[in-house]
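Thanks for passing this one along for a look. Here are my notes, in the order I would read them beside the model.

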Amino acid sequence: MMGKTHIFIGTATALALTSADTPVEILTALAGGALGGMMPDTDLDSLKNISDINTKAIAGTITAVCFAIDFFFKCGMIQSIRDSNHTIVLTGLVAFIILYFIGAAADHRSFTHSLLATVIYSVVIGMMCRPLAIPFAIGFLAHIILDCTNKKGVRIFFPSKRKVRLKWFYASKKANIAFYYIGIALTVVFTAISIIRWLFL
Ligand SMILES: [Zn+2]
């Protein structure tokens, strides 16, 4: 699947599964879902092809916009970082940078597409910003499950070499584009529902 498909499937899934209905829950579902949806594909030879750069730019923009909204309206994301133990936040940041390079060096669809990586990356994200951890994990898992549906297979039980492949789709352009638009549409609908629930329920 395209990176941007994973991002919007990540945000839609995180919004739905966290049943976000407060500003901080909505922002963390969007930022965490986008980052989690992007992260497994850091095992691609990134920053050399334009679509990888675009994927990182989209996830980075969604996250930056969420943090900017949080900064101006004080929803609680930045406050949770301020309230945390700063040593833990810094340790998380260093661990995240190390993980990024480990991921970049890994074979495609191996370590970064595993349940093990879901736990490790999510814990590290949670060390930096606790409310992001669960939506990030959901976005990350959604990415892995979506990749399992194509013929290439995913080493979801890494370090086991066994590949899971459901062969529902063949990473064909059509399925990819359909999921991309479904992801965007559901993200918009679920964000609207979350805002309505926050305002009126
Ligand atoms: Zn992937």
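This is a predicted model: local features need pLDDT of at least 70, side-chain atom pairs count only at pLDDT 80 or more; totals for chains, interfaces and linings use all residues.

1. Residues are numbered from 1 along each chain as its sequence is written.

2. Let us start with a helix pair; helices here are DSSP runs (H or I, at least four residues), numbered from the N terminus. The axes of α2 and α3 lie 9 Å apart and the helices pack at an angle of about 160°, which makes α2 roughly antiparallel to α3 (angles over 145 degrees count as such). The axes are lines fitted to C-alpha atoms over the stretch in contact, with angles from 0 to 180 degrees between N-to-C directions.

3. Who meets whom in this pair? On the α2 side the residues include L27, L30, A31 and A34, and on the α3 side they include A59, I62, C66 and I69. Contact means C-beta atoms, placed from the backbone, within 7 Å. By class, the α2 contact with α3 has 12 nonpolar, 2 polar and 2 charged residues (Ala, Val, Leu, Ile, Met, Phe, Trp, Tyr, Cys and Pro count as nonpolar, Asp, Glu, Lys and Arg as charged, the others, Gly among them, as polar).

4. The largest nonpolar core has 43 residues, and L30, A31 and A34 touch the most other members. Such a core is a set of buried Ala, Val, Leu, Ile, Met, Phe, Trp, Tyr and Cys residues joined through C-beta atoms within 7 Å. Helices α1 (3-17), α2 (23-38), α3 (50-73), α6 and α7 (133-148) each supply at least two residues, and α7 gives the most, with 10. Setting aside residues up to four places away in sequence, L30 touches T11, I62 and C66.

5. Beyond its neighbours within four places in sequence, V124 is in contact with G92, A95, F96 and L99.

6. Finally, please look at S110, in the loop between α5 (86-105) and α6 (115-128). S110 is partly exposed, with 18 other C-beta atoms within 10 Å. Leaving out residues up to four places away in sequence, S110 touches D43, R155 and F158.

Note on methods: A residue is buried if 20 or more other C-beta atoms lie within 10 Å of its own, exposed if 12 or fewer, and partly exposed in between; C-beta atoms are placed from the backbone. Two residues are in contact if their C-beta atoms, placed from the backbone, lie within 7 Å. Angles under 35 degrees count as roughly parallel, over 145 as roughly antiparallel, 65 to 115 as roughly perpendicular and the rest as oblique.
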